Amino acid sequence: MTVVKEVKIENKILRQKKKGKSKLSLILNTGILGWFLIFSVWSVVSYFSDPLFLPSPLATLKGAIEIASDGSLFIYMGYSFARVFAGWTLGLLIAVPTGLLLGTNPFVRSLLAPIVNFVRFIPPLAFITLFMLWFGIGEQSKVFLIVYATFFVITINTFTGVLSISKDKLRSAQIIGATKFQTLIYVIIPATIPYIFTGAKLAMGSSFMAIIGAEMVAAKEGIGFMIWNARLYFKTEWIFVGLVVLGLMGFLMDRLFTYLGKKLLSRYKVVS
Amino acid sequence: MTAVEDAIVLKNGSKTFQEDAENPVYVLENINLTIKKGEFYILLGPSGCGKSTLLNIFAGFLDLSDGDLQIITSNKTNRNSCGFVFQSADSALFPWLTVEENISFGLKMKKMPLEERREIAEYYIKLTGLTGHGKKFPDNLSGGMKQRVQLARVLANEPEILLMDEPFGALDAMTRRSMQKELIRIWRETNKTVIFVTHDIQEAILLGQRIGIMSIGPSSKITSSYEINLPYPRDITSIEFNKYYRQVQAHFEDINLQIEER
C-alpha cells in the first residue's frame with residue numbers, strides 16, 4: 001500500500017515539474033526574455049554614455065516619434081519596402097526558371113554554372129555605381145540591384161533542388177509515360193518547391209542588405225537614406241530608429257512569408 | 001495445352017560501362033532469357049551482381065550495349081506496358097500527393113477525367129489493402145503501407161509486366177511476410193507477368209515459379225535456373241520447400257567456394 005502511495009506522489013511531483021517547465025518554455029518561446037535582456041543592457045550602458053554616441057532606448061523612441069510625426073518615417077519605410085518587394089518578386093520570377101533550366105539541362109548547366117559561380121561572389125554593393133550608370137539614378141537601378149542580390153541565392157537553391165530529386169521519382173514518371181513537360185510540371189517543380197521557398201527566404205535578407213547600401217549612396221528617400229542623412233544633423237537616435245525599423249520590416253516580411261508558405265504550400269513540406 | 005506466349009525475350013544481352021572506349025567494363029555479358037506471359041520469374045543473386053541493372057534494362061531506364069531485347073505485349077511493343085516497383089517507396093512516391101493522388105498519377109498523365117481516375121484509384125486502394133488511407137500523405141504511413149501504395153500506383157496503369165526491384169528488402173520480417181502473401185494473391189488475381197529481383201533465397205522460393213541465379217559481376221550471367229514446382233500459397237516449413245532451399249543454398253555455397261579459390 002505505502003509503496004503505491006509513494007509512487008503516486010512521485011508521479012504527481014513529476015507532473016507538476018513538467019507543468020512548471022512548460023510554462024517557462026512558453027515564455028521563452030515568445031522571445032520576450034531575450035528582448036528584455038537586450039533593452040536592459042542597452043538602457044544601462046546608454047545611461048553612462050553620451051546620447052550622441054549611444055542614445056538610450058527612450059531617446060530612440062522619441063526620435064522615432066519625431067520622424068514619424070510628419071509621416072516621413074512611414075514614407076521611407078514604404079519606399080524601402082516597395083523597392084525590396086519589387087526587386088525580390090522580379091528576381092524570383094527570373095531566378096526560378098533559370099534554376100530549373102540549369103537543373104534540368106546538362107548543356108545549359110555546363111555552359112552557365114561556371115559563370116554563375118564566378119559572378120555570385122561579387123556583392124551587389126560593388127555594382128551600385130555601375131547600375132546607376134546603366135539604369136539611371138531613379139528606381140530602376142535600385143530595383144535591378146535587388147534583382148541581382150536575390151537572383152543567385154534563388155537560382156542556386158532551385159538548381160540544387162532539381163539535382164537532389166531522387167532518380168526513382170523521375171523514373172516513376174518516365175515509366176508511367178509522362179512526357180518531359182508533364183515531368184517538369186508534376187514532378188520536378190513540386191519536388192523543388194521547398195528549395196525555392198528556402199532560397200526566396202534567404203534572398204529577402206540579401207535584398208535588405210542591397211537596398212540599404214543603394215539608398216545610402218543614391219536616394220532621396222528610404223530607410224538607408226534616413227540612416228545616412230542622420231549624420232548631417234548629429235541625430236544618432238535616427239540611426240537607431242533606422243536599425244530597429246529594418247529589423248522589424250525584415251522580421252514581419254519573413255513571418256508573413258513563412259505563414260503564407262505554411263498555409264498554401266503545406267503539402268510540399270516547406271521548412272520555416 | 002496451348003502454347004504460352006513470350007513476354008520478354010532477351011538475346012545475347014550485354015551491358016558495359018565505358019571507362020575508356022578500348023577497355024569496356026562488362027556488367028552483364030551475353031545474357032539469354034525468355035520469360036513467359038503470366039510467369040512469376042525471380043532474379044536471384046548477391047548484391048552487385050547486376051540483377052537490378054538487368055531489371056532497369058527491361059524497364060527502359062538503361063539501354064543494352066549489345067544484344068536484342070523484345071518486350072511483347074498484347075496491344076503494342078511499348079515499354080510503357082511495364083510497371084516498376086522500386087526498393088525504396090520513400091524515394092519513389094511523390095510525398096506532396098495523397099495516397100489516392102499518387103495511385104492515380106499515371107492516369108492523370110493520360111488525361112483521364114477526375115471521376116474515372118478516382119474510381120480506378122479506389123479499386124486499387126481496395127485491392128492492395130489500403131482502404132481508409134486514400135486521403136493520407138505517404139509520410140504518415142508505415143513502410144509496408146508505403147510499399148502497398150507503390151504497388152497500387154503501378155497496378156493502376158494496368159501494366160502487363162511488373163518489374164520489382166527488391167521491393168520488400170527494407171521491410172521488417174513480419175511485414176515482409178504479409179506483403180509476400182498479398183503479392184501472390186494479387187498476381188494470381190491479375191495474371192500479370194512478374195519479374196522480381198531479390199537476394200533472399202527463401203523469398204525467391206516462396207514467390208517464384210522459376211528462379212534465375214546470377215553470378216557475381218563483373219561480366220554477370222544467369223548461371224543456372226530452377227523451376228519451383230510447388231503449389232501456392234507455399235509453406236516455408238514444408239519438407240518440399242526445404243528441399244529446394246537446400247538445393248539453391250548449396251549452389252551459392254559452391255559459388256562462394258569458387259570466389260575464395262580465385
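This presentation describes a structure with two chains, first each chain in turn and then the contacts between them.

The structure is a predicted model, in which local features need pLDDT of at least 70 and side-chain atom pairs count only at pLDDT 80 or more, while totals for chains, interfaces and linings use all residues. Residues are numbered from 1 along each chain as its sequence is written, and chains are lettered from A and ligands numbered from 1 in the order in which they are written.

I begin with chain A. Its secondary structure comes to 11 helices and 0 strands, where helices are DSSP runs of H or I with at least four residues, strands are runs of E with at least two, and both are numbered from the N terminus. Chain A has a radius of gyration of 25 Å, well over the 19 Å that the globule rule gives for 272 residues, so chain A is more spread out than a compact globule. That radius is taken over C-alpha atoms, and the rule is 2.2 Å times the number of residues to the power 0.38. The C-alpha trace of chain A spans about 80 × 65 × 30 Å along its principal axes. Of the 272 residues in chain A, 33% are buried; a residue is buried if 20 or more other C-beta atoms lie within 10 Å of its own, exposed if 12 or fewer, and partly exposed in between, with C-beta atoms placed from the backbone. Among contacts in chain A with a separation of 6 or more, 72% are between residues 24 or more positions apart. Two residues are in contact if their C-beta atoms, placed from the backbone, lie within 7 Å.

I turn to chain B, which has 9 helices and 9 strands. For its 262 residues, a compact globule would have a radius of gyration near 18 Å, and the 19 Å of chain B agrees with this. Its C-alpha trace spans about 60 × 50 × 45 Å along the principal axes. Buried residues account for 39% of chain B. Of the contacts in chain B with a separation of 6 or more, 70% link residues 24 or more positions apart.

How is chain B divided by the domain assignment? Domain 1 comprises 1–74 + 162–235, and domain 2 comprises 96–159; such bounds come from an automatic or database domain assignment. The C-alpha centres of these two domains of chain B lie 25 Å apart. In chain B, 9 residues of domain 1 are in contact with 7 residues of domain 2. Helix 7 (residues 173–190) of chain B gives the most to the domain 1 side, with 4 residues. By class, that side has 7 nonpolar, 1 polar and 1 charged residues. Here Ala, Val, Leu, Ile, Met, Phe, Trp, Tyr, Cys and Pro count as nonpolar, Asp, Glu, Lys and Arg as charged, and the others, Gly among them, as polar.

Next, the sheet of chain B. In chain B, 6 strands form an open sheet with mixed pairing, in the order 5-6-7-3-8-9; two strands pair if DSSP finds at least two bridges between them. Strand 5 (82–85) and strand 9 (222–227) of chain B stand at the edges, each with a single partner strand, so one side of each is left without a neighbour in the sheet. Neighbouring strands of this sheet are turned by 20 degrees against each other on average, direction ignored. Axes are lines fitted to C-alpha atoms, for helices over the stretch in contact, and angles run from 0 to 180 degrees between N-to-C directions.

Strand 3 (residues 40–44) and strand 7 (residues 193–198) of chain B run parallel and are joined by 5 bridges. Along this pairing, B:Phe40 stands opposite B:Val194, and B:Ile42 has B:Phe196 as its bridge partner. Strand 6 of chain B also runs parallel to strand 7, again with 5 bridges, and B:Ile161 stands opposite B:Thr193. Is strand 7 of chain B enclosed or exposed? In strand 7 of chain B, 6 of the 6 residues are buried, so the strand is largely enclosed by the rest of the structure. B:Thr193, B:Ile195 and B:Val197 cover one side, and B:Val194, B:Phe196 and B:Thr198 the other.

Finally, the two chains meet through 15 residues of chain A and 19 residues of chain B. Helix 8 (167–176) and helix 9 (180–217) of chain A each supply at least two residues of the chain A side. The largest share, 6 residues, comes from helix 8 of chain A. By class, the chain A side has 6 nonpolar, 4 polar and 5 charged residues.
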